[in-house]
Amino acid sequence: DVPAAAQNLDYFLPTTSLTIQQKWSSPLKNVRAGDSIERTITVTATKMQAMLIPPLPMEAPDGIRIYPEEPVVDDQKTDRGDFVFGRRTQSAKYFIQKEGDYTLPAIELKWWNLSARRLVTATLPAVHFSAAVNPNYVAELPPEAEPLAISSPKHVNLWSRYKFWIRILAPCCAASLLLFWIAWHYFPPIRRNLRDWRKRRE
């Protein structure tokens with residue numbers, strides 16, 4: 001059963017030990033507008049499948065565009081197939097669109113400590129940095145919406161649309177009429193002859 005303290009969470013992550021770490025592709029001290037920095041966050045949970053580790057929200061303020069990558073999940077098992085730990089790695093590129101002071105919000109991950117039997121929060125603190133002016137960078141403008149091309153209605157040829165069904169249904173109708181005519185003209189005499197033959201045999 002999910003403990004009462006964790007019932008309001010969107011997920012339940014029970015483990016005995018959990019660590020969360022991050023690294024940047026370059027220091028955040030000499031950032032300028034137009035730079036792109038990659039951030040990698042790794043979560044490791046003891047005796048837990050990596051697929052059960054929930055995704056982390058990676059947000060940024062206005063002026064920074066985020067390009068997330070596909071997460072990587074990795075399970076470490078013993079020779080008998082028991083889980084040693086699960087690891088989830090998330091990466092994203094932060095593109096600095098303009099100069100200014102920025103603060104990336106803190107990232108929190110709540111998990112249930114099986115040893116202490118209490119809810120624990122693993123936190124990556126907020127990140128503060130400044131982006132300097134880059135005289136060689138020209139800010140990208142959003143693409144203009146292209147006008148929609150309205151195509152004029154095309155003339156539809158009824159023969160080209162229904163010629164397949166006409167070629168099939170017409171012979172079938174003709175064959176049905178022919179069979180009906182044959183049955184209408186020849187079936188009554190045949191029936192009378194059979195009836196006379198039965199009387200003669202009787």
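I am working from a predicted model, where local features need pLDDT of at least 70, side-chain atom pairs count only at pLDDT 80 or more, and totals for chains, interfaces and linings use all residues. Residues are numbered from 1 along each chain as its sequence is written, and side-chain values use heavy atoms, with hydrogens and water left out.

Terms. I took strands as DSSP runs (E, at least two residues), numbered from the N terminus, and called two strands paired if DSSP finds at least two bridges between them.

Strand β7. Strand β4 (residues 36–46) pairs antiparallel with β7 over 11 bridges, and I37 stands opposite Y94. Strand β5 (residues 64–68) is also antiparallel to β7, with five bridges; I64 has I96 as its bridge partner. Strand β6 (residues 72–77) joins β7 through six antiparallel bridges, with D75 partnered by G86. In the β6–β7 hairpin, five residues lie between the strands, and G81 takes a positive phi near 95°.

Burial. I found 10 of the 14 residues of β7 buried (under 20% relative accessible area, 1.4 Å probe, protein chains only). S91 is buried at 13%. Its side chain makes a polar contact of 3.3 Å with that of T40 (a pair of N or O atoms within 3.5 Å, one able to donate a hydrogen and the other to accept it; residues adjacent in sequence count only if both atoms are side-chain atoms).

Other sheet. I traced an open, mixed sheet of three strands in the order β1-β9-β10. Its edge strands are β1 (14–15) and β10 (118–124).

Terms used
Helices (H or I, at least four residues) and strands (E, at least two) are DSSP runs, numbered from the N terminus. Buried means under 20% relative accessible area, exposed over 50%, partly exposed in between (1.4 Å probe, protein chains only).
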